Amino acid sequence: MKIAVEGCSHGALDAIYQHLRDLEARHNYTVDLLLMCGDFQAIRNHRDMQCMAVPQKYKQLGDFHKYYTGDKTAPVLTIVIGGNHEASNYMSELYHGGWLAPNIYFLGHAGCIQVNGIRIAGASGIFKSNDFSLGFYERLPYDHGTMRSIYHIREFNVRRLSLLSSPDIFLSHDWPQHIERHGDTQGLLRRKPFFRQDVQTGNLGSPPLMGLLRTLKPKWWFSAHLHVRFQATVQHEQSGTGSNSLPTTSPPQNPDEIAIADDDFDAVESQNPPIEDSRLQTTSHNPDEITLEEEEAEVIQSPPVAYRPQRSMTNFLALDKCLPKREFMEVIDVPTTSDESTMPGQRCMPKLTFDPEWLAISRAFHPFFSMRRRQADYPDEATARAMVAEEMVWVKSNVHNNEANSSDVPLPGIRTILDCQTFMQSAPGPGTEGAQKNQQPPWYTNPQTTAFCDMLGIQNVIDFSSDNRA
């Protein structure tokens, strides 16, 4: 199965899909699935734009609304995660995941699904220690602080993801902390000399994500965020016991994000890498980034997670943003046992299903899903795993397709996503905002989230209708 991976989107869907078509024509292959690693910018209308944390000059409607309203259709099944520059109100509607537009599926703030049997997990957002242990308390209308804290990854989701058995592919926006040590660090610094201080102090990347990488040991890990292509190989130990903790050499301060691109979206980066000299040793500011000043945080260790020997190696790849002459997309071949035969040059129709283990984790951890700033204490790992095992029995007994003929989904606990969640517009497209164009929108309860919760028999706490303020 050919899978294309793309870095930061910044709303440039037309250019991304055109680049994909160009790759297919140039190399005479057909891509079956596209993965996008955050800063997707699913902006439905101008009011959504008021919920995105970027400087005013970067508030652009982008291309997504055309796919949302049906003016265009994504030519290939597209799976996305969120970054730190999103219409956070829309992605909150689909906290557990759902269709952003026809053929474009959001993994949720954290999630795991299967595509033709390939397990794809992901974590949206970026790390900031001050918000890591908090609940999901942000509500519309967002203020300066909550417009940013809402995309900071929470311990709740890291703990849930850590309970997965190894997925094949993991998507994150942030890089895992210290990942540069597993690749060509000097080559990275020649291209991005302003990373030097963070590399030297151990501040580059997210500590919880490296904890997940070491625990889950996926075959592939894809990221974006830092606007540069970088690959690394992480070798995993094959035996051992106890917790898989992070290195203890972290310094006291860690920028939660190494910012976002400061260059104009139609700019072209020079193809000549900077010459490394002594002046680069003190360079700490990234001229290609917009720094959000409040995004300073302490490095903390991720929650202890169990050591489970699985695969021996994780292939890490970070990609750039969608601009001319930038390395923002690559195509890989991933074996699958359920590839459907197609004629040469024809795109297969991948089968998108819920992952039973993730459904069990979602049920087990639902009582700990806090809608307030304060987060209740979590169960210890042994208890959590026992809870997941118990819920897996429930999932296998209760989750199945509602279709009359579901013989194509024979395994218990497997349900095609389209059998549960179908796309529908929850907010209007552009052109209907009127005098409220520059105001944040009201809350929209998304029917897909309701359907997901109904499938699992859990309360839909992502329904803030009573908090609704236009």
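The legends below describe close-up views of a predicted model.

**View 1. The largest nonpolar core and the surroundings of L35.** This core holds 98 residues, and L35, I120, I169, W175 and F222 are those that touch the most other members. Its largest share, six residues, is supplied by helix α11, which spans residues 356-365. Residues up to four places away in sequence aside, L35 touches I3, A4, V5, E6, I79, I120, I169, L171 and F222.

**View 2. T78 in strand β3.** The strand covers residues 77-80, and T78 counts as buried because its relative accessible area is 0%, below the 20% cut-off. Its side chain makes a polar contact of 2.8 Å with the side chain of Y17. When neighbours within four places in sequence are left aside, the residues in contact with T78 are Y17, L34, M36, N103, I104 and Y105.

**View 3. The salt bridge between E93 and R44.** The two side chains meet at 3.0 Å, N to O. The pair links distant parts of the chain, 49 residues apart, with E93 in helix α4 (residues 88-93) and R44 in the loop between β2 and α2. Both E93 and R44 are buried.

**View 4. The salt bridge between R363 and E391.** The closest N and O atoms of this pair are 2.6 Å apart, and the bridge joins helix α11, which carries R363, to helix α12, which carries E391. R363 is buried at 16% relative accessible area, and E391 is likewise buried, at 15%. Elsewhere, salt bridges with shared partners connect D14, D63, K66 and K72 in one network.

Technical notes: Residues numbered from 1 in each chain as written. Predicted model: local features only at pLDDT ≥ 70, side-chain atom pairs only at ≥ 80, totals over all residues. Heavy atoms only, no water. Core = buried A, V, L, I, M, F, W, Y, C linked by side-chain atoms within 4.5 Å. Buried < 20%, exposed > 50% of the residue type's maximum accessible area, 1.4 Å probe, protein only. Helix = DSSP H or I, 4+ residues; strand = E, 2+ residues; numbered from the N terminus. Contact = heavy atoms within 4.5 Å. Polar contact = N/O pair within 3.5 Å; in protein donor to acceptor, adjacent residues only side chain to side chain. Salt bridge = Lys/Arg side-chain N within 4 Å of Asp/Glu carboxyl O.
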